[in-house]
Amino acid sequence: MSEDDVDQEGMADEWAAAMEEQDTVDGAAEPVELDEFESVASSLSLPAGAPDLDVILDIPVSISMEVGRTSITIRNLLQLNQGSVIELDRLAGEPLDVLVNGTLIAHGEVVVVNEKFGIRMTDVISPSERIKKLR
């Protein structure tokens, strides 16, 4: 086992411990069951012989967290330098948006574990609402 494998394993253990600790503080988190997604998919009235959803489960997606947004002119953009401050459209302490491939799926708050940032989901948009937004 290489040193990187040991580091990755140790990091995974620390995250798991932190999440367990958080669950005991806030109460157990509700896991999202695949049955919930399957019921939504079945309600879409897919044609007979439609492809199995298992095919897409290993497709990588891009997940990002958005602190806020703003618009500035190109003139102001070119004047930015080290130490510049850009005011965003959110108040301090407001939840972050969690985006998957640019689509909002949840809101969350920043946590720090072992000097690394993470995000704890505070409000997850239901699968049926996510599918409605895709249309």
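Mentor: Start with one term: contact means heavy atoms within 4.5 Å. This is a predicted model, where local features need pLDDT of at least 70, side-chain atom pairs count only at pLDDT 80 or more, and totals for chains, interfaces and linings use all residues. Residues are numbered from 1 along each chain as its sequence is written, and side-chain values use heavy atoms, with hydrogens and water left out.

Trainee: Which residues is Val98 in contact with, leaving aside its neighbours within four places in sequence?

Mentor: The list is Ile63, Ser64, Met65, Thr103, Leu104, Ile105, Ala106, His107, Gly108, Ile119 and Met121. Val98 itself lies in strand β2. Strands (E, at least two residues) and helices (H or I, at least four) are DSSP runs, numbered from the N terminus.

Trainee: Is Val98 buried or exposed?

Mentor: Relative accessible area decides: buried is under 20%, exposed is over 50%, and partly exposed is in between (1.4 Å probe, protein chains only). Val98 is buried, at 0%. Across the chain, buried residues make up 15% of the 135 residues.

Trainee: What pattern does the chain follow along the sequence?

Mentor: The pattern is α-α-β-α-β-β-β-α. That gives 4 helices and 4 strands. Of the contacts with a separation of 6 or more, 42% are between residues 24 or more positions apart.

Trainee: How do I read the sheet? What is the order of its strands?

Mentor: The general idea comes first. Strands of a sheet pair through backbone hydrogen bonds, either parallel or antiparallel. Here, two strands count as paired if DSSP finds at least two bridges between them. The case in this structure is an open sheet of 4 strands, in the order β1-β2-β3-β4, with antiparallel pairing. Its edge strands are β1 (63–66) and β4 (116–124), each pairing on one side only. Neighbouring strands are turned by 40 degrees against each other on average, direction ignored. For such angles, axes are lines fitted to C-alpha atoms, for helices over the stretch in contact, and values run from 0 to 180 degrees between N-to-C directions.

Trainee: How many bridges join β3 to β4?

Mentor: There are 8, and the two strands run antiparallel.

Trainee: Now backbone angles. Which residue in the hairpin of β3 and β4 takes a positive phi near 55 degrees?

Mentor: Most residues other than glycine have a negative phi, and most peptide bonds are trans. Asn114 takes that positive phi, in a hairpin with 2 residues between the strands. Glu115 also has a positive phi, near 65 degrees. Glu115 sits in the loop between β3 and β4 and is exposed at 79% relative accessibility. Asn101 is another non-glycine case, with a positive phi of about 50 degrees. Asn101 lies in the loop between β2 and β3 and is exposed, at 52%.

Trainee: How many salt bridges does the structure hold?

Mentor: A salt bridge is a side-chain nitrogen of Lys or Arg within 4 Å of a carboxyl oxygen of Asp or Glu. The structure holds 3. Take Arg120 and Glu109, at 2.6 Å, N to O. Arg120 lies in β4 and Glu109 in β3, so the pair ties together parts that are 11 residues apart in sequence. Arg120 is buried at 19%, and Glu109 is partly exposed at 34%.

Trainee: What are the N to O distances for Arg90 with Asp97 and for Glu66 with Arg69?

Mentor: Arg90 and Asp97 meet at 2.4 Å. Arg90 is partly exposed, at 22%, while Asp97 is buried, at 12%. Glu66 and Arg69 meet at 2.9 Å. Glu66 is buried, at 17%, and Arg69 is exposed, at 53%.

Trainee: Last, the surface. Which residues form a nonpolar patch?

Mentor: Patches are made of residues with over 30% relative accessible area and no salt bridge; like charges are joined within 9 Å, nonpolar side chains (Val, Leu, Ile, Met, Phe, Trp, Tyr) within 5 Å. Here the members are Val67, Ile72, Leu77, Leu80, Ile86 and Leu88, with about 490 Å² of accessible area together. Areas come from the Shrake-Rupley method with a 1.4 Å probe; for residues, only the protein chains shown count as cover. Leu80 is found in the loop between α3 (74–78) and β2 (96–100), and is partly exposed at 34%.
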